[in-house]
Amino acid sequence: MGMFCNQCEQAAKGVGCEIMGVCGKNPEVAALQDLMLYGLKGLAIYADKARELGVKDEAIDLFMLEGLFTTVTNVDFDPVSIAGKLRTCFDLKEKAKSLYETAYREKSGGHAPAVAAPPASWVIAGDLEGLIKQGQEQGVKSQHSDPDILSAIEIVVFGLKGMAAYADHAHILGKKDDEVFALFHKALAATTDPAKGLMDFVGIAMEIGKINIKVMGMLNEGHVEHYGHPVPTRVQIGTRKNKGILVSGHDLRMLEELLKQTAGKGIDVYTHGEMLPAHGYPGLKKYPHLYGNFGGAWQDQAKEFPHFPGAIIFNTNCIQRPADSYKDRLFSWGQVGWPGIKHIAGWDFSEVINKALECPDLPDAPEKEILTGFGHNAVLGVADKVIAGVKAGAIKHFFLIGGCDGAKPGRNYYTELAEQVPNDCVILTLACGKYRFNKLEFGDIGGIPRLLDVGQCNDAYSALQIALALANAFNCGVNDLPLSIILSWYEQKAHVILLSLLHLGIKNIKIGPALPAYLSPNVLNFLVENFNIGQITTVEADLKAALGQ
Ligand code: FSO
Ligand code: SF4
């Protein structure tokens, strides 16, 4: 049984995973995820048509986010969980169809024209085996065969997946927006339209980049409304002797609930990976048992989790195959799933808490402290100092070194780059790529730390606000700032952030380690010609180019 998936930076041989996903996704799960995308396209066709007639449905809108998020890299590996979501997808597609047909009848008095073509006509197979077979037969077919159009469609679909993850986070914080829901349906439905051409899909990709900025703004607002603006905060790394729960992922609301439920229970809560910036939020740091940060980026989990003897919970990507040594104390939440791993549905974390209480104490092994909490509010709070530093020549250049970490050896580039950035330059960082260098000492320039941790990949909005405020202060465009953007990417959330940067017209971005496998040569040329986007080369050459030497 084969598969094909090329959506992340790990795509086998730089082309695609065909026998087994490098991420651990097997062909059965790949087929089910392909079928999910297929079913969602059917849902999108009817939801879009119903919306054109003025009818919308929140259950449909929200499922679109959850369904797409399920198929993001390193999220749901559990066939039973995906099969359950496929049944919901089918039911909602039928609901959208009936909403459309009823609205059509009411408006025009006649029957709605039938939409006979797949995937609108999808009828769900019965059992798990049937679903896998259906996924293999129907999952990845496209109405197009031109390689450039297929590439542009993948850019659209992967952009929607990344935006769905951010929109889902925003919704958990109470934020939603109709324009956002509308674009999900319209854009996904468009990918099934044989009449659409290359430039249509390029236009849709740019629209996704634009709307994603709105989504990231909503997410930022949700975080700030719930927990206040992040403030610079020292975070303890390592562990101390006590019971412990480690929280991995990106969801701050889930962390907050866990902190409430563990208060006074003799348990310390630790952040892992992308949860690190949680320590900077006043509404979360007020819990004294939010003790510290454990481990490095996601790809080190199997090596590090055996040394964390407490309970561990993943609330979003990036989960990897759990080792036997810790899988009985591992939990998933939200859209995350792994077969055999206990999933917590809803907001009651008693099982996780009981498991932590049963587990032995963590070792008494505190390490150093690191700094986080430099969201745009904190950085712009010292904007005068930063601007004066630039004007006086004390700060020569800014480097935004952000994005995802990953397992490939080529990612040492980002450590070496950060180390070799000259002492009169400031590094802004965000997302899990920072673990390549966030425990090194960078010192400061006139009291401004040389390494500023802006937050999660979910905080890309904050980095953007900093860049826009600097451009405003210097009365120029972002492209004219002494700023170089050097990104590391891994999955579809990084991909949609890139679409947002392109929508803003930001040029000269370097990405790595590898370029996306789904860019056809012509589409890549288009990006180079219009945005001068490029792959990272060597640290020396990229630094020279950035500093104009
Ligand atoms: Fe990293 Fe994973 Fe945050 Fe991604 S933890 S790789 S782009 O999911 O989302 O940065
Ligand atoms: Fe391969 Fe990435 Fe797809 Fe996993 S998500 S199967 S690693 S391309």
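Predicted model: local features only at pLDDT ≥ 70, side-chain atom pairs only at ≥ 80, totals over all residues.
Side-chain values use heavy atoms, without hydrogens and water.

N317 places a polar side-chain atom 2.9 Å from an oxygen atom of ligand 1. For E491, a side-chain N or O atom is 2.3 Å from a ligand 1 oxygen. For K493, the corresponding distance is 3.0 Å.

## The shell around ligand 1

Ligand 1 is surrounded by 13 residues, each with a heavy atom within 4 Å of it. The closest are H250, C318, C432, C457 and E491. Eight shell residues are nonpolar, two polar and three charged. Here Ala, Val, Leu, Ile, Met, Phe, Trp, Tyr, Cys and Pro count as nonpolar, Asp, Glu, Lys and Arg as charged, and the others, Gly among them, as polar.

Domain 2 (233-358) and domain 3 (376-546) each supply at least three residues to this shell. The domain bounds come from an automatic or database domain assignment.

## The shell around ligand 2

Ligand 2 also has 13 residues around it. C5, C8, C17, C23 and T73 are the closest. This shell holds seven nonpolar, five polar and one charged residues. C8 is buried, at 9% relative accessible area; buried means under 20% (1.4 Å probe, protein chains only).

## Cysteines

How many disulfides are there? The count is zero, where a disulfide is a pair of cysteine sulfur atoms within 2.5 Å. C404 has its closest cysteine sulfur in C432, 5.3 Å away, so the two are too far apart for a bond. C404 is buried, at 10% relative accessibility.

Note on methods:
Residues numbered from 1 in each chain as written. Chains lettered and ligands numbered in written order. Polar contact = N/O pair within 3.5 Å; in protein donor to acceptor, adjacent residues only side chain to side chain. Buried < 20%, exposed > 50% of the residue type's maximum accessible area, 1.4 Å probe, protein only.
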